[in-house]
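Biologist: I would like to go through this structure with you. Shall we begin with how burial is judged, and then turn to the ligand?
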Amino acid sequence: MPMAGRLPGATTTDQQIVLHVDMDCFYASCERLREPELRGEPVVVGMGYEPGDSVGAVATASYEAREYGVESAQPISEALERLPRTSSTESSEPAAYYRPVDMEYYQEIAAAVREILHDLGDTVREVSIDEAYLDVTDRTDWDVAEGFSRHVKQRIRSTVGVPASVGAAPNMSAAKIASDHDKPDGLTVVPPDELEDFLADLPIEDLHGVGPVSASAFRELDIATIGDLADADIETIEDRFGDRGRELHNRARGIDDRTVTERGRPKSLSRETSFGDPVSDWDVLSEQVTALSRAVSSRVDRKDVLYQTVGIKVVLPPYDVKTRERTFGGPIDEPDLLRETALELLDEFEGESVRKVGVRVSKLSFSENEQSDLDSWTDRTDSSDTGRSYPRRGQVSLERFAPERR
Ligand code: DCP
Ligand code: MG
């Protein structure tokens with residue numbers, strides 16, 4: 001089926017090579033990393049499955065559990081009906097291992113994955129804890145893009161130990177579809193000259209942004225595949241779906257002019273160091289924290305930002321993440337106080353063997369002219385901060401609250 005021609009004047013990004021990386025059943029894979037007995041078994045990660053709990057939902061399920069119809073966002077009661085807990089059944093009946101959500105641990109694994117992505121992509125846009133777009137245009141070429149994409153997967157697998165699916169395409173929309181195409185452990189490369197054929201026969205739901213409701217609305221218009229949408233009359237689509245319809249119509253035709261950009265304002269600024277071998281020497285640890293505090297302070301200066309919370313992260317082998325923080329009475333920029341606070345928070349870990357240590361400032365207040373950047377070790381959602389400016393260093397009286405522990 002021929003695809004409708006490009007819109008006159010539409011710029012193309014055929015020169016781009018975009019990778020989309022999405023981890024497979026991410027939370028379940030993280031659980032398998034610290035509990036290898038769970039490999040190959042049905043695993044459900046969620047809340048509310050303990051006796052006496054009444055509500056809760058599935059965060060994710062391993063592909064083995066998905067075969068029984070267990071899926072993300074399902075009420076946990078329904079999951080338990082489909083697949084009871086291993087401990088509550090005879091060994092011959094199908095059952096799943098249930099594990100509670102442990103965000104801090106998943107964030108730590110996600111950070112290790114991100115480190116690899118930033119190493120392999122020129123620009124990385126993180127869209128969720130387990131998903132990112134990479135601009136790799138200057139790192140590879142279409143004739144070797146498959147090998148490059150495989151390398152990304154393998155590096156994540158060998159360094160961090162969790163499976164990823166990777167899609168490569170000339171634009172973000174198609175890369176997203178490609179990474180989803182062959183999950184789990186998928187690898188789908190769609191060079192520009194194969195894009196039209198690749199998209200044509202896929203069901204309309206495969207287009208990102210088309211959920212069950214839009215899909216049935218499209219079907220009412222006899223549009224069942226992405227190719228059908230590509231061939232559809234733009235006016236009909238715009239009448240029914242508005243601007244979003246125009247965008248989806250373009251994406252169906254392989255047109256998506258977005259370039260991969262990093263995200264906006266960070267929620268926190270941090271610096272961390274990993275040790276090849278765990279370190280328990282107190283002098284080494286406190287020197288590291290001093291150096292990291294200085295590095296964070298200079299980042300704070302560059303970004304012209306104030307912070308209200310100072311925190312440290314200490315990772316004990318293999319991925320046991322401890323965070324401690326202290327929140328002050330108002331926004332500050334005080335390098336000495338930052339360093340002293342970080343060192344005081346570190347005290348608790350004297351004598352521990354440490355794999356990684358980090359210093360972070362959060363509860364940020366931005367002045368008007370900050371540069372956007374990506375430097376937090378947690379979720380990096382765009383902030384809706386109003387950009388008010390706050391008094392500069394020395395102008396704020398510091399009223400110390402009891403440390404907030406978590
Ligand atoms: N998640 C959640 N609640 C949801 C959806 C997702 O808590 N309703 C969490 C659990 C997932 C993680 O986010 O592991 C990543 O979401 P994905 O949609 O990428 O799902 P998975 O990685 O689990 O599975 P897939 O292999 O389909 O990517
Ligand atoms: Mg995923």
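Modeller: A residue counts as buried when its relative accessible area is under 20%, and as exposed when that value is over 50%. Cys25, at 6% relative accessibility, is therefore buried. Please keep in mind that this is a predicted model.

Biologist: Where is Cys25 placed?
Modeller: Cys25 sits in the loop between β1 and α1. Its phi is near 25 degrees, a positive value in a residue other than glycine.

Biologist: Which other residue has a positive phi near 65 degrees?
Modeller: That is Asp222, again not a glycine. Asp222 belongs to the loop between α8 (212-220) and α9 (226-231). With a relative accessible area of 67%, Asp222 is exposed.

Biologist: Back to the cysteines. How many disulfides are there?
Modeller: The count is 0. The closest cysteine sulfur to that of Cys25 belongs to Cys30, and the distance of 9.3 Å is too far for a bond. Cys30 is likewise in no disulfide, its nearest cysteine sulfur being that of Cys25. Cys30 counts as buried because its relative accessibility is 0%.

Biologist: Now the ligand. Which residues come nearest to ligand 1?
Modeller: Cys25, Thr60, Tyr63, Arg66 and Asp130 come nearest, out of 14 residues around ligand 1. By class, that shell divides into 7 nonpolar, 2 polar and 5 charged residues.

Biologist: What lies 2.5 Å from an oxygen atom of ligand 1?
Modeller: A polar side-chain atom of Thr60 lies at that distance. Phe26 places a polar backbone atom 3.0 Å from an oxygen atom of the ligand. In Lys183, an N or O atom of the side chain is 3.0 Å from a ligand oxygen.

Biologist: How much of ligand 1 does the protein bury?
Modeller: The protein buries 69% of the 550 Å² that ligand 1 exposes when taken alone. Two or more residues of the shell come from each of β1 (18-23), α1 (26-34), β3 (58-61) and α2 (63-66).

Biologist: Why is α1 described as largely enclosed?
Modeller: Because 7 of its 9 residues are buried, α1 is largely enclosed by the rest of the structure. The buried residues are Phe26, Tyr27, Ala28, Ser29, Cys30, Glu31 and Arg32. Their cover includes β1, β2 (43-46), β3, α2, β4 (97-99) and α4 (103-120).

Biologist: You mentioned Lys183. What kind of peptide bond joins Lys183 and Pro184?
Modeller: The bond is cis, with omega about -10 degrees. Pro184 is in the loop between α6 (172-181) and β8 (187-189). Pro317 and Pro318 are also joined by a cis peptide bond, with omega about -5 degrees. The loop between β10 and β11 (320-332) holds Pro318.

Biologist: Let us look at β10, then. Which strand contains Thr309, and is the residue buried or exposed?
Modeller: Thr309 is in strand β10, which covers residues 305-316. The residue is buried, at a relative accessible area of 2%.

Biologist: Which side chain is joined to that of Thr309 by a polar contact?
Modeller: The partner is Thr327, at 2.8 Å. Leaving aside neighbours within four places in sequence, Thr309 is in contact with Glu325, Arg326, Thr327, Arg360, Val361, Ser362 and Lys363.

Biologist: A change of topic: where is Ala200?
Modeller: Ala200 is in helix α7 (residues 195-200). At a relative accessible area of 14%, Ala200 is buried. Not counting residues up to four places away in sequence, Ala200 touches Thr225, Ile226 and Gly227. Between Ala200 and Arg253 the C-alpha to C-alpha distance is 8.7 Å, although they are 53 residues apart in sequence.

Biologist: Finally, the overall picture. How many helices and strands are there?
Modeller: The protein has 12 helices and 14 strands. It comprises 406 residues, of which 50% count as buried. The protein exposes about 19000 Å², with carbon and sulfur atoms supplying 45% of that area. Of the contacts between residues at least 6 apart in sequence, 67% join residues at least 24 apart.

Note on methods
Residues numbered from 1 in each chain as written. Chains lettered and ligands numbered in written order. Predicted model: local features only at pLDDT ≥ 70, side-chain atom pairs only at ≥ 80, totals over all residues. Heavy atoms only, no water. Near = heavy atom within 4 Å. Polar contact = N/O pair within 3.5 Å; in protein donor to acceptor, adjacent residues only side chain to side chain. Areas by Shrake-Rupley, 256 points an atom, 1.4 Å probe, with all protein chains shown as cover. Helix = DSSP H or I, 4+ residues; strand = E, 2+ residues; numbered from the N terminus. Nonpolar A, V, L, I, M, F, W, Y, C, P; charged D, E, K, R; others polar. Buried < 20%, exposed > 50% of the residue type's maximum accessible area, 1.4 Å probe, protein only. Contact = heavy atoms within 4.5 Å. Disulfide = S-S within 2.5 Å.
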